[in-house]
Amino acid sequence: MMHSSVKVQIAPESVPSTPSWFGEVAVVAHVLARFGILGAIEQRVRFARARFGHYDTIDFLVVLIGYAVSGEPTLKAFYERLWPFAPTFMALFGRNDLPCHSTLSRFLAALDQLSINALRHLFQEDLVARTPFGSPAGGLWDRLGQHWQVIDIDGTKQAARQRALPQTKDLPAPHRRFDRVCAKGYFARKRGQVGRTRTTVLQPYTHQWIGTFSGPGNGDYREELRQALQAITAYAAAFALPLSHVIVRVDGLYGNTAPVNEILSYQCGVIGRSKEYTWLDLPEVQTRLQSAPDAQVTHPESGTIRDLYDCLAVPLTPAGPVVRLLVATHPAGDHKPAIGVVRKEMVYELFYTTLPPHAFTPSDVLQLYLHRGSFETVLSDEDQEQDPDRWVSRSPRGQDCWQIISQWLWNLRLELGHHLSPTSMRLMEFAPAQVAEPAQVAEPTQVAEPTQAAEPTQVAEPTQAAELVTYGLPQWARRSFTKGFAGSDFVLQPDGTLRCPADHPLTVQEYRPERNGSVRIVYGARLCHCRACPLRAHCQESTTTIKPRQVSAVLWPVSSRSSISGEVPQKPTPLPTPHPVIWGDWQRCSIRRRWLQLLRSQTVMLPSDTVQREKKKASKPPERQTRAQRAHWRLSWNERLARNTRPSSAPPLAITLHGLPATFAQFFGFALVAAV
């Protein structure tokens, strides 16, 4: 029985509760407007067609943005939850009326490829417009201390569920809504089922998406690969990354000669698994397999021991290309292996790469490829949080539009979450230093093999490993006569980069051997950082130079007499050759989940007069038409855009979000509520 002091009341008047995701929609709308993204979409993504009413492209795209933020299972559920707050929702994006569900469906079905390309270009430009994680955003450092960027390309499939319909002579042919967007393929369920394949490009350090490209059925993987490589080269050019140090990591789908040629034609590096087992019959590979293996690795879970044979320069065809081929062998079991080919009771697996052998050992190459399994966890998180493969449109370009918006929101959530709770880059020892490696030179099988002598790179490798020279602390360049910044003003970071006085990174550009056994390390900044830097005149001593700032340091051998003139080091540092392989990245889940948990658990205050949907005003007499309106002349782009713009006479709208820190509000230009 309820206590006498407790009373439950019922009010017949309907007052819908604010959706839990409405606060995040308000933040996303404000950030998109502040960064000029909404304005860029209005001016660059243009599409006109009949039966759209007075709406423009931006009106439909903001609905998709809200749908992606909400996480509602269907568009119907999203519209039902949004309908009481439709005027407030559209006002957040500077628009007036919410397009109905059927109008959105017609828009997505009618979209053309030019509009999709314009939207995709905007997405890729926005990806490199800001660097919340720094520059470079993580990376891989090899055994020489050089910086590499690994980018993953992989695909995901989505099957379409549709009923089996009888097909007889007395029945008309069935009409399938998925015929335009799907095709028959193999989707791990049953053969003949229809579906769609999506190729995605991921930056694995910050877990940001670089692009998405899809096709019906099993997709056109060669065309999607070309589009992915174009997105990667544009990404590398924006951050001034040398393409030779951008490694494209792919799976066995691209393990033939033609896809490898395609990747190498873009001047990128590559690492992948091959399914072209005829490469085992090449003379260079057969000769190498007759010798002792270069390394032996044991799988930590299955316990499988693999012997690794490193074929340094293998021409895949007489005209090329030449790649480094890694052959991994292990004894065959009772069952047919899922990957690899069985020959003489041995399972052979092939891996190809362009990574230099002096920077990555055979075991490093194998572990780096197997590490691509982390890509699956990102796809799984994306499916749970946003599910971009769900069917929003029954047209190919409409589905592409939705998936681009979904990836855009994923990247924006990572950026907002990082500003909400900033974290430093994690450094992981991907592979330990091999200081004891020179002891392998004494093995008679390695020295006596005639095939090893034919490989000049492999013969020279033990010599490099044997020369373990100890170096002192770096000696920086002195201050110039114009009193600019000296080399010592740039702070050395744990990841091997430098930080300038303006807090911009400088990465290693070159290791240069010099006189008396010394080594000069050259660090370079990014030109986009130097051009806009307020300290440029003091740092580069000129505002007209077209080159970024460089800083160099000299490492002298401790035993060298030439180092006597410098400062005597207290902690000697070794030559970069035996360095471990370092992987630097950020947390995958906690950044986004802290952001989502905070926004979904905090109160969102809306004005009282906007809680319920505004009642339709009494119909007014029709306004006087102009001659252009009467004749249905075509409107200009600006006239089309202005039809559904929020009028300037609309009452001001104030929304209060609780729980976000003041630093976050100041960075993104939010107004702060005055403390009571």
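Analyst: A salt bridge here is a side-chain nitrogen of Lys or Arg within 4 Å of a carboxyl oxygen of Asp or Glu. The model is predicted, and by this rule it has 26 salt bridges. Side chains of opposite charge can pair when their charged atoms come close.

Start with Arg 44 and Glu 125, whose side chains form a salt bridge with an N to O distance of 3.0 Å. Arg 44 belongs to helix α2 (residues 37-44) and Glu 125 to helix α7 (residues 113-129), so the bridge links distant parts of the chain, 81 residues apart. How covered are the two partners? Arg 44 has a relative accessibility of 41% and therefore counts as partly exposed. Glu 125, at 39%, is also partly exposed, the band for that class running between the 20% limit for buried and the 50% limit for exposed.

A second bridge pairs Glu 415 with Arg 130, and here the closest N and O atoms are 2.7 Å apart. Glu 415 sits in helix α13 (residues 396-420), whereas Arg 130 is in the loop between α7 and β1 (139-141), so this pair ties together parts that are 285 residues apart in sequence. Glu 415 counts as buried because its relative accessibility is 6%. Arg 130 has a relative accessible area of 17%, so this residue is buried too.

Asp 381, Glu 385, Arg 588, Arg 592 and Arg 593 are linked in a network of them.

Helix α19 (residues 590-601) packs with helix α1 (residues 22-34) at an angle of about 115 degrees, and the two axes are 7 Å apart. On the α1 side the contact is made by Gly 23, Glu 24 and Val 27, and on the α19 side by Trp 595, Leu 596, Leu 599 and Arg 600. By type, these contact residues comprise four nonpolar, one polar and two charged. An α-helix has 3.6 residues a turn, so residues three or four places apart point the same way.

Helix α1 itself can be checked for length. Its 13 residues should span 18 Å at 1.5 Å a residue, and the end C-alpha atoms are 18 Å apart, so the two values agree. The helix is mostly covered, with ten of the 13 residues buried. Gly 23, Glu 24 and Val 27 are among the buried residues, as are Phe 22 and Leu 32. Just after α1, Gly 36 takes a positive phi of about 75 degrees.

Asp 387, at about 50 degrees, is one of them, and its place is in the loop between α12 (374-385) and α13. Its relative accessible area is 28%, so Asp 387 is partly exposed. Glu 345 has a phi of about 60 degrees and lies in the loop between β11 (341-343) and β12 (346-353). Glu 345 is exposed, because its relative accessible area is 65%.

As for the chain as a whole, the secondary structure comes to 22 helices and 24 strands. Of its 676 residues, 47% count as buried. Among contacts with a separation of 6 or more, 70% join residues 24 or more positions apart.

How much confidence does the predictor give? The chain averages a pLDDT of 83, and 85% of the residues score at least 70. The pLDDT stays under 50 over residues 436-468, a stretch with 32 contacts beyond four places in sequence in the model. Residues 560-577 are likewise below 50, and they have 33 contacts beyond near neighbours in sequence.

Terms used. Residues numbered from 1 in each chain as written. Predicted model: local features only at pLDDT ≥ 70, side-chain atom pairs only at ≥ 80, totals over all residues. Heavy atoms only, no water. Axes fitted to C-alpha atoms, helices over the stretch in contact; angles between N-to-C directions. Helix = DSSP H or I, 4+ residues; strand = E, 2+ residues; numbered from the N terminus. Contact = heavy atoms within 4.5 Å. Nonpolar A, V, L, I, M, F, W, Y, C, P; charged D, E, K, R; others polar. Expected span 1.5 Å × (residues − 1). Buried < 20%, exposed > 50% of the residue type's maximum accessible area, 1.4 Å probe, protein only. pLDDT = per-residue confidence, 0-100.
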